[in-house]
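Q: I am new to this one. Could you show it to me and take me through it?

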Amino acid sequence: MTAGAGVDVVISAYNEAPEVLALTVRSCLAASGVGNVVVVDDLVVHRGGREVLRHLSFSIAAGQVTGLLGPSGCGKSTLMRALVGVQRLTSGSVQVLGAEAGSAPLRDRIGYVTQDVSVYDDLTV
């Protein structure tokens, strides 16, 4: 998915090395007139009885490309899931383009590319 493909934010992941995942959040919006595209405030996520994200806060401005690198299990994929709105949050908030992550108005504005190619045999074009 690239800028101009009809989405405002692209979230993608790919393997750099066996235990390192690169997560990129790229705003396809021009920087003029748009504030922060992503705002994460005091985010806490527990998975499997373990605190995976601990009081994480950051923002991503329009036009900025942000990447995360880290070993397997450090929370990169959990953060990606929170950004697209499919991760249950323990506390805190995640806003994308001024709306709660995963909310209906965002569904056609977010591009999401996972690290693994997903093929669904039961779907047809």
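Predicted model: local features only at pLDDT ≥ 70, side-chain atom pairs only at ≥ 80, totals over all residues.

A: Residues are numbered from 1 along each chain as its sequence is written, and side-chain values use heavy atoms, leaving out hydrogens and water.

Q: How many helices and strands are in the protein chain?

A: The protein chain has 1 helix and 8 strands, in the sequence pattern β-β-β-β-β-α-β-β-β. Helices (H or I, at least four residues) and strands (E, at least two) are DSSP runs, numbered from the N terminus.

Q: Which strands make up the open sheet?

A: The open sheet of 4 strands has the order β4-β3-β6-β7, with antiparallel pairing; pairing requires at least two DSSP bridges between two strands. Its edge strands are β4 (50-61) and β7 (99-100), each of which pairs on one side only.

Q: What does α1 touch there?

A: Helix α1 packs on the sheet, touching β3, β4 and β6 (91-96). Contact means heavy atoms within 4.5 Å.

Q: Switching to T78: where is it?

A: T78 lies in helix α1 (residues 76-84).

Q: Is T78 buried or exposed?

A: T78 counts as buried because its relative accessibility is 7%; buried means under 20% relative accessible area, exposed over 50%, and partly exposed in between (1.4 Å probe, protein chains only).

Q: Which residues is T78 in contact with?

A: Leaving aside neighbours within four places in sequence, T78 contacts V45, R47, V52, L53 and Q87. Of these, R47 has R50 in β4 as its bridge partner.

Key. Axes fitted to C-alpha atoms, helices over the stretch in contact; angles between N-to-C directions.
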